[in-house]
Amino acid sequence: MSDLVFDAVSVRYGGRRGLTAVDGVKLTVPSGQVVGLVGESGSGKSTLARAAVGLSPVSAGRVLLGGVDVRELPRRPPLQMVFQDPYSSLDPRMSIGESITEAIPRGVLPGRAARRDEVARLLELVNLDPERADHLPGRLSGGQRQRVALARALAGRPEVLIADEITSALDVSVQGAVLNLVRSVQRRLGLSMLFISHNLAVIRYLSDIVAVMYLGRIVEVGPAEQVLTDPRHPYTRDLLAAAPSATTSLLGTGSDDVIADAEPADPHHPPGGCRYHPRCPVGPLVRADRDLCLRVDPAEGAAQRRHSAACHFSDNELTTSRGASAS
Ligand SMILES: Nc1ncnc2c1ncn2[C@@H]1O[C@H](COP(=O)(O)OP(=O)(O)OP(=O)(O)O)[C@@H](O)[C@H]1O
Ligand SMILES: [Mg+2]
(Lines give C-alpha, C1' and ligand atoms only; values in the text may rest on other atoms or scores of the structure.)
(Ligands and ions follow the chains in the order given, each with its own letter.)
Protein backbone atom coordinates (compact mmCIF):
# COMPACT_ATOMS: atom_id res chain seq x y z
CA MET A 1 0.00 0.00 0.00
CA SER A 2 1.27 3.44 -0.81
CA ASP A 3 0.38 7.12 -0.79
CA LEU A 4 -1.60 8.72 -3.60
CA VAL A 5 -0.05 12.09 -4.34
CA PHE A 6 -1.40 14.90 -6.49
CA ASP A 7 1.77 16.76 -7.32
CA ALA A 8 0.88 20.26 -8.55
CA VAL A 9 -1.86 18.87 -10.79
CA SER A 10 -3.65 21.22 -13.19
CA VAL A 11 -6.52 20.32 -15.50
CA ARG A 12 -7.53 22.63 -18.28
CA TYR A 13 -10.67 22.28 -20.38
CA GLY A 14 -11.09 23.86 -23.77
CA GLY A 15 -8.69 26.07 -25.68
CA ARG A 16 -7.76 29.70 -25.13
CA ARG A 17 -11.28 30.52 -23.96
CA GLY A 18 -11.33 27.45 -21.72
CA LEU A 19 -10.96 27.23 -18.01
CA THR A 20 -8.54 25.79 -15.51
CA ALA A 21 -10.81 23.56 -13.46
CA VAL A 22 -7.97 22.31 -11.25
CA ASP A 23 -5.07 24.64 -10.64
CA GLY A 24 -1.79 23.30 -9.28
CA VAL A 25 -3.32 21.06 -6.64
CA LYS A 26 -1.01 19.40 -4.14
CA LEU A 27 -2.76 16.80 -2.04
CA THR A 28 -1.73 13.53 -0.46
CA VAL A 29 -4.01 10.62 0.35
CA PRO A 30 -1.86 8.68 2.83
CA SER A 31 -1.88 4.92 2.57
CA GLY A 32 -4.90 3.38 4.27
CA GLN A 33 -6.50 6.73 5.12
CA VAL A 34 -9.60 8.53 3.95
CA VAL A 35 -9.32 12.06 2.61
CA GLY A 36 -12.68 13.80 2.44
CA LEU A 37 -12.91 16.41 -0.29
CA VAL A 38 -15.50 19.17 0.05
CA GLY A 39 -16.27 22.35 -1.82
CA GLU A 40 -19.14 23.95 -3.66
CA SER A 41 -20.44 22.85 -7.03
CA GLY A 42 -17.98 23.61 -9.82
CA SER A 43 -14.95 23.89 -7.52
CA GLY A 44 -13.21 21.06 -9.37
CA LYS A 45 -13.65 18.08 -7.07
CA SER A 46 -14.75 15.60 -9.74
CA THR A 47 -12.18 16.91 -12.18
CA LEU A 48 -9.42 16.30 -9.62
CA ALA A 49 -10.71 12.82 -8.82
CA ARG A 50 -11.00 11.93 -12.49
CA ALA A 51 -7.44 13.09 -13.08
CA ALA A 52 -6.26 10.25 -10.84
CA VAL A 53 -7.92 7.62 -13.03
CA GLY A 54 -7.00 9.21 -16.34
CA LEU A 55 -10.49 10.54 -17.10
CA SER A 56 -9.65 14.24 -17.10
CA PRO A 57 -6.87 15.86 -19.11
CA VAL A 58 -3.91 16.64 -16.83
CA SER A 59 -2.19 19.68 -18.32
CA ALA A 60 0.51 20.07 -15.67
CA GLY A 61 1.83 18.14 -12.72
CA ARG A 62 1.57 14.44 -12.00
CA VAL A 63 -0.47 11.96 -10.01
CA LEU A 64 1.76 9.49 -8.20
CA LEU A 65 0.99 6.21 -6.50
CA GLY A 66 3.84 4.93 -4.38
CA GLY A 67 6.09 7.42 -6.16
CA VAL A 68 5.18 6.11 -9.62
CA ASP A 69 3.32 8.26 -12.14
CA VAL A 70 -0.10 6.60 -12.50
CA ARG A 71 0.23 6.87 -16.27
CA GLU A 72 3.16 4.49 -16.09
CA LEU A 73 1.56 1.90 -13.85
CA PRO A 74 1.10 -1.65 -15.11
CA ARG A 75 -2.21 -2.67 -16.62
CA ARG A 76 -3.94 -3.87 -13.49
CA PRO A 77 -5.49 -0.66 -12.27
CA PRO A 78 -4.62 -0.02 -8.61
CA LEU A 79 -7.04 2.92 -8.52
CA GLN A 80 -10.76 2.40 -8.92
CA MET A 81 -13.55 4.92 -8.95
CA VAL A 82 -17.21 4.73 -7.96
CA PHE A 83 -19.48 7.39 -9.45
CA GLN A 84 -22.56 9.26 -8.35
CA ASP A 85 -25.22 7.79 -10.62
CA PRO A 86 -25.99 4.15 -9.84
CA TYR A 87 -28.37 3.93 -12.81
CA SER A 88 -25.81 4.62 -15.51
CA SER A 89 -22.91 2.70 -13.99
CA LEU A 90 -24.19 -0.80 -14.81
CA ASP A 91 -24.96 -2.26 -18.22
CA PRO A 92 -28.70 -3.12 -18.11
CA ARG A 93 -28.19 -6.14 -20.40
CA MET A 94 -25.50 -7.80 -18.29
CA SER A 95 -26.24 -9.79 -15.18
CA ILE A 96 -24.75 -8.50 -11.96
CA GLY A 97 -22.32 -11.39 -11.94
CA GLU A 98 -21.19 -10.68 -15.51
CA SER A 99 -20.65 -7.01 -14.70
CA ILE A 100 -18.46 -7.89 -11.75
CA THR A 101 -16.62 -10.65 -13.62
CA GLU A 102 -15.78 -8.19 -16.37
CA ALA A 103 -13.96 -6.04 -13.80
CA ILE A 104 -11.72 -8.87 -12.59
CA PRO A 105 -8.33 -8.23 -14.20
CA ARG A 106 -7.46 -10.65 -16.96
CA GLY A 107 -5.34 -13.58 -15.98
CA VAL A 108 -5.84 -13.08 -12.25
CA LEU A 109 -8.40 -15.84 -11.84
CA PRO A 110 -8.31 -18.27 -14.73
CA GLY A 111 -11.25 -20.64 -14.79
CA ARG A 112 -14.97 -20.06 -14.60
CA ALA A 113 -15.36 -21.61 -11.17
CA ALA A 114 -12.70 -19.38 -9.62
CA ARG A 115 -14.33 -16.31 -11.11
CA ARG A 116 -17.76 -17.38 -9.93
CA ASP A 117 -16.40 -17.85 -6.41
CA GLU A 118 -14.79 -14.43 -6.58
CA VAL A 119 -18.09 -12.83 -7.63
CA ALA A 120 -19.81 -14.53 -4.69
CA ARG A 121 -17.09 -13.32 -2.33
CA LEU A 122 -17.42 -9.75 -3.63
CA LEU A 123 -21.21 -9.78 -3.37
CA GLU A 124 -20.93 -10.99 0.21
CA LEU A 125 -18.37 -8.30 0.93
CA VAL A 126 -20.91 -5.64 -0.06
CA ASN A 127 -23.72 -7.39 1.85
CA LEU A 128 -25.61 -8.69 -1.18
CA ASP A 129 -26.89 -12.23 -1.53
CA PRO A 130 -24.55 -14.11 -3.92
CA GLU A 131 -27.70 -15.65 -5.41
CA ARG A 132 -28.28 -12.31 -7.07
CA ALA A 133 -25.35 -12.84 -9.44
CA ASP A 134 -27.72 -14.04 -12.15
CA HIS A 135 -30.09 -11.09 -11.85
CA LEU A 136 -30.18 -8.13 -14.18
CA PRO A 137 -29.56 -4.72 -12.57
CA GLY A 138 -33.07 -3.58 -13.53
CA ARG A 139 -34.37 -5.44 -10.50
CA LEU A 140 -32.10 -3.59 -8.06
CA SER A 141 -32.74 -0.46 -6.02
CA GLY A 142 -30.33 2.49 -6.19
CA GLY A 143 -28.63 1.46 -2.97
CA GLN A 144 -28.19 -2.12 -4.22
CA ARG A 145 -26.77 -0.82 -7.49
CA GLN A 146 -24.20 1.23 -5.59
CA ARG A 147 -23.23 -1.93 -3.71
CA VAL A 148 -22.71 -3.69 -7.03
CA ALA A 149 -20.71 -0.69 -8.32
CA LEU A 150 -18.55 -0.98 -5.20
CA ALA A 151 -18.13 -4.75 -5.75
CA ARG A 152 -17.08 -4.03 -9.34
CA ALA A 153 -14.51 -1.50 -8.15
CA LEU A 154 -13.19 -3.98 -5.58
CA ALA A 155 -12.91 -6.70 -8.23
CA GLY A 156 -9.87 -4.83 -9.51
CA ARG A 157 -8.23 -5.33 -6.08
CA PRO A 158 -7.43 -1.65 -5.87
CA GLU A 159 -5.14 0.06 -3.39
CA VAL A 160 -7.04 3.29 -3.76
CA LEU A 161 -10.76 3.86 -4.03
CA ILE A 162 -12.11 7.12 -5.33
CA ALA A 163 -15.73 7.81 -4.45
CA ASP A 164 -17.46 10.77 -6.06
CA GLU A 165 -20.75 11.67 -4.37
CA ILE A 166 -21.65 8.00 -4.21
CA THR A 167 -24.62 8.46 -1.91
CA SER A 168 -26.05 11.74 -3.14
CA ALA A 169 -28.34 10.13 -5.71
CA LEU A 170 -29.70 7.65 -3.17
CA ASP A 171 -32.75 7.83 -0.95
CA VAL A 172 -31.84 9.24 2.43
CA SER A 173 -33.09 6.02 4.00
CA VAL A 174 -30.35 3.93 2.35
CA GLN A 175 -27.49 6.46 2.39
CA GLY A 176 -26.45 5.53 5.91
CA ALA A 177 -26.23 1.82 5.13
CA VAL A 178 -24.10 2.43 2.03
CA LEU A 179 -21.78 4.75 3.98
CA ASN A 180 -21.42 2.19 6.75
CA LEU A 181 -20.56 -0.41 4.16
CA VAL A 182 -17.97 1.80 2.47
CA ARG A 183 -16.37 2.57 5.79
CA SER A 184 -16.21 -1.03 6.91
CA VAL A 185 -14.85 -2.23 3.55
CA GLN A 186 -12.24 0.56 3.55
CA ARG A 187 -11.07 -0.46 7.02
CA ARG A 188 -11.19 -4.16 6.40
CA LEU A 189 -9.15 -3.95 3.19
CA GLY A 190 -6.91 -1.10 4.37
CA LEU A 191 -7.80 0.93 1.28
CA SER A 192 -6.76 4.51 0.74
CA MET A 193 -9.74 6.59 -0.25
CA LEU A 194 -10.51 9.96 -1.75
CA PHE A 195 -14.11 10.57 -0.79
CA ILE A 196 -16.02 13.46 -2.33
CA SER A 197 -19.23 14.77 -0.83
CA HIS A 198 -21.22 17.96 -0.46
CA ASN A 199 -22.44 16.72 2.86
CA LEU A 200 -20.12 17.75 5.69
CA ALA A 201 -21.68 15.29 8.12
CA VAL A 202 -20.87 12.46 5.73
CA ILE A 203 -17.34 13.81 5.31
CA ARG A 204 -16.90 13.95 9.07
CA TYR A 205 -18.18 10.41 9.49
CA LEU A 206 -15.71 8.91 7.04
CA SER A 207 -12.62 11.08 6.84
CA ASP A 208 -9.27 11.05 8.59
CA ILE A 209 -8.22 14.15 6.68
CA VAL A 210 -10.41 16.88 5.21
CA ALA A 211 -9.47 18.94 2.17
CA VAL A 212 -11.51 21.96 1.13
CA MET A 213 -11.60 23.02 -2.51
CA TYR A 214 -12.49 26.42 -3.92
CA LEU A 215 -12.17 27.50 -7.55
CA GLY A 216 -9.75 24.78 -8.54
CA ARG A 217 -7.54 25.06 -5.48
CA ILE A 218 -7.23 23.27 -2.17
CA VAL A 219 -7.67 26.13 0.28
CA GLU A 220 -7.42 24.14 3.49
CA VAL A 221 -6.33 20.67 4.45
CA GLY A 222 -5.74 19.03 7.83
CA PRO A 223 -6.89 16.36 10.27
CA ALA A 224 -10.67 16.04 9.93
CA GLU A 225 -11.55 16.86 13.50
CA GLN A 226 -9.38 20.00 13.49
CA VAL A 227 -10.56 21.33 10.15
CA LEU A 228 -14.20 20.74 11.06
CA THR A 229 -14.08 22.11 14.59
CA ASP A 230 -11.41 24.80 14.21
CA PRO A 231 -11.38 25.81 10.54
CA ARG A 232 -8.66 28.27 9.57
CA HIS A 233 -9.83 29.37 6.14
CA PRO A 234 -12.81 31.74 5.95
CA TYR A 235 -14.29 29.66 3.14
CA THR A 236 -14.27 26.54 5.33
CA ARG A 237 -15.95 28.57 8.07
CA ASP A 238 -18.61 29.71 5.63
CA LEU A 239 -19.20 26.14 4.47
CA LEU A 240 -19.61 24.94 8.04
CA ALA A 241 -21.84 27.85 8.97
CA ALA A 242 -24.06 27.11 5.97
CA ALA A 243 -24.52 23.50 7.10
CA PRO A 244 -25.26 23.73 10.82
CA SER A 245 -26.66 20.22 10.92
CA ALA A 246 -23.35 18.86 9.71
CA THR A 247 -21.87 18.57 13.15
CA THR A 248 -24.83 16.87 14.72
CA SER A 249 -26.61 14.60 12.26
CA LEU A 250 -25.03 12.23 9.81
CA LEU A 251 -27.69 12.68 7.23
CA GLY A 252 -28.23 16.37 7.62
CA THR A 253 -29.55 18.05 4.52
CA GLY A 254 -26.24 18.41 2.72
CA SER A 255 -26.89 21.50 0.71
CA ASP A 256 -25.74 22.08 -2.84
CA ASP A 257 -26.19 25.75 -2.29
CA VAL A 258 -23.59 26.10 0.35
CA ILE A 259 -23.20 29.85 0.39
CA ALA A 260 -26.61 31.01 -0.56
CA ASP A 261 -26.05 34.72 -0.34
CA ALA A 262 -22.88 34.90 -2.45
CA GLU A 263 -22.29 35.23 -6.17
CA PRO A 264 -20.98 31.94 -7.49
CA ALA A 265 -17.35 32.03 -8.50
CA ASP A 266 -16.62 32.10 -12.22
CA PRO A 267 -13.84 29.66 -13.10
CA HIS A 268 -13.30 31.42 -16.44
CA HIS A 269 -12.18 34.55 -14.62
CA PRO A 270 -10.63 33.66 -11.28
CA PRO A 271 -9.97 36.81 -9.22
CA GLY A 272 -6.38 37.97 -8.69
CA GLY A 273 -4.72 37.82 -5.28
CA CYS A 274 -6.73 35.53 -3.07
CA ARG A 275 -9.45 33.87 -5.12
CA TYR A 276 -11.85 34.10 -2.23
CA HIS A 277 -11.47 37.85 -1.67
CA PRO A 278 -14.68 38.91 -3.50
CA ARG A 279 -16.70 36.81 -1.05
CA CYS A 280 -14.51 36.72 2.02
CA PRO A 281 -16.16 37.93 5.23
CA VAL A 282 -12.80 38.81 6.82
CA GLY A 283 -11.06 40.22 3.74
CA PRO A 284 -10.93 43.57 1.96
CA LEU A 285 -14.72 43.65 1.57
CA VAL A 286 -14.96 44.46 5.25
CA ARG A 287 -11.38 45.36 6.21
CA ALA A 288 -9.92 48.04 3.95
CA ASP A 289 -6.45 47.49 5.44
CA ARG A 290 -6.43 43.92 4.09
CA ASP A 291 -5.53 44.96 0.57
CA LEU A 292 -2.87 42.24 0.68
CA CYS A 293 -5.64 39.81 -0.29
CA LEU A 294 -6.24 41.76 -3.50
CA ARG A 295 -2.61 41.58 -4.54
CA VAL A 296 -0.96 38.45 -3.21
CA ASP A 297 -2.08 34.88 -3.75
CA PRO A 298 -1.98 33.23 -0.32
CA ALA A 299 -1.57 29.74 -1.74
CA GLU A 300 2.22 29.99 -1.75
CA GLY A 301 2.75 30.11 2.01
CA ALA A 302 -0.07 27.71 2.78
CA ALA A 303 2.10 24.76 3.70
CA GLN A 304 3.55 26.73 6.62
CA ARG A 305 0.18 27.78 8.03
CA ARG A 306 -2.05 25.92 10.44
CA HIS A 307 -4.05 23.25 8.53
CA SER A 308 -2.18 24.49 5.45
CA ALA A 309 -4.81 27.19 5.04
CA ALA A 310 -4.41 29.33 1.93
CA CYS A 311 -5.36 32.52 3.77
CA HIS A 312 -3.08 35.43 4.74
CA PHE A 313 -5.03 35.88 7.94
CA SER A 314 -5.70 32.27 8.90
CA ASP A 315 -3.79 32.65 12.15
CA ASN A 316 -5.57 35.85 13.13
CA GLU A 317 -8.86 35.86 14.92
CA LEU A 318 -11.22 35.23 12.01
CA THR A 319 -14.20 37.14 13.27
CA THR A 320 -16.65 37.86 10.51
CA SER A 321 -18.60 40.93 9.60
CA ARG A 322 -21.79 38.99 10.28
CA GLY A 323 -20.53 38.27 13.77
CA ALA A 324 -20.82 34.62 12.87
CA SER A 325 -17.83 33.02 14.45
CA ALA A 326 -18.17 29.47 13.19
CA SER A 327 -16.36 27.77 16.05
N1 LIG B 1 -15.62 18.00 -19.65
C2 LIG B 1 -15.63 19.30 -19.32
N3 LIG B 1 -15.44 20.27 -20.26
C4 LIG B 1 -15.43 21.57 -19.93
N5 LIG B 1 -15.58 22.04 -18.67
C6 LIG B 1 -15.77 21.14 -17.69
C7 LIG B 1 -15.81 19.73 -17.97
N8 LIG B 1 -16.01 19.06 -16.78
C9 LIG B 1 -16.10 20.02 -15.83
N10 LIG B 1 -15.95 21.26 -16.37
C11 LIG B 1 -15.95 22.53 -15.63
O12 LIG B 1 -14.90 22.46 -14.69
C13 LIG B 1 -15.28 23.06 -13.45
C14 LIG B 1 -15.17 22.05 -12.35
O15 LIG B 1 -16.15 21.05 -12.55
P16 LIG B 1 -16.26 19.76 -11.62
O17 LIG B 1 -17.31 18.91 -12.19
O18 LIG B 1 -14.93 19.16 -11.40
O19 LIG B 1 -16.78 20.42 -10.24
P20 LIG B 1 -17.31 19.69 -8.92
O21 LIG B 1 -16.60 20.33 -7.77
O22 LIG B 1 -17.19 18.22 -9.06
O23 LIG B 1 -18.84 20.13 -8.90
P24 LIG B 1 -20.13 19.31 -8.37
O25 LIG B 1 -20.09 19.48 -6.88
O26 LIG B 1 -21.28 20.02 -8.99
O27 LIG B 1 -20.01 17.90 -8.79
C28 LIG B 1 -16.70 23.59 -13.66
O29 LIG B 1 -16.60 24.95 -14.01
C30 LIG B 1 -17.21 22.75 -14.80
O31 LIG B 1 -18.18 23.47 -15.55
MG1 LIG C 1 -18.58 16.66 -9.10
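Is Tyr276 buried or exposed? In this predicted model, Tyr276 has a relative accessibility of 2%, and it therefore counts as buried, since that word is used for residues under 20%.

## The aromatic cluster

Tyr276 takes part in an aromatic pair with Tyr235, in which the ring centres are 5.2 Å apart and the planes stand at 70 degrees to each other, an arrangement called edge-to-face. Because Tyr235 lies in helix 8 while Tyr276 lies in the loop between helix 8 and helix 9, this pair ties together parts of the chain that are 41 residues apart in sequence. Both Tyr235 and Tyr276 are buried.

The model holds three aromatic pairs in its count. In the pair of Tyr214 and Tyr276, the ring centres are 4.9 Å apart and the planes meet at 80 degrees, so this pair is edge-to-face. Tyr214 is buried, its relative accessible area being 3%, and Tyr214, Tyr235 and Tyr276 form one aromatic cluster.

## Salt bridges

The count of salt bridges comes to 16. One of them joins Asp23 to Arg217, with 3.2 Å between the closest N and O atoms. Since Asp23 sits in strand 2 (residues 19–29) and Arg217 in strand 10 (residues 217–223), the pair ties together parts that are 194 residues apart in sequence. Both Asp23 and Arg217 are buried.

Another salt bridge is formed by the side chains of Arg152 and Glu102, again described by an N to O distance of 3.2 Å. This pair links distant parts of the chain, with Arg152 in helix 4 and Glu102 in helix 2 (residues 96–103), 50 residues apart. Arg152 is partly exposed, with a relative accessible area of 24%, whereas Glu102 is exposed, with a value of 52%. Salt bridges that share partners also join Asp23, Arg217, Arg275 and Asp297 into one network.

The side chains of Arg93 and Asp91 meet in a salt bridge as well, at 3.2 Å from N to O. Here Arg93 counts as exposed at 70% relative accessibility, and Asp91 is partly exposed, with a relative accessible area of 25%.

Helix 1 (residues 45–52) has six of its eight residues buried, so it is largely enclosed by the rest of the structure. The buried residues of this helix are Lys45, Thr47, Leu48, Ala49, Ala51 and Ala52. After helix 1 comes Gly54, which has a positive phi, near 75 degrees.

Elsewhere in the chain, Ser207 is found in the loop between helix 6 (200–206) and strand 9, and at 9% relative accessibility Ser207 counts as buried. Although Ser207 and Ala224 are 17 residues apart in sequence, their C-alpha atoms are 6.2 Å apart in space.

Terms used
Residues are numbered from 1 along each chain as its sequence is written. Chains are lettered from A and ligands numbered from 1 in the order in which they are written. Side-chain values use heavy atoms; hydrogens and water are left out. Rings of Phe, Tyr and Trp (its six-membered ring) pair if their centres lie within 6.5 Å; planes under 30 degrees apart count as stacked, over 60 as edge-to-face and the rest as tilted. Buried means under 20% relative accessible area, exposed over 50%, partly exposed in between (1.4 Å probe, protein chains only). Helices (H or I, at least four residues) and strands (E, at least two) are DSSP runs, numbered from the N terminus. A salt bridge is a side-chain nitrogen of Lys or Arg within 4 Å of a carboxyl oxygen of Asp or Glu.
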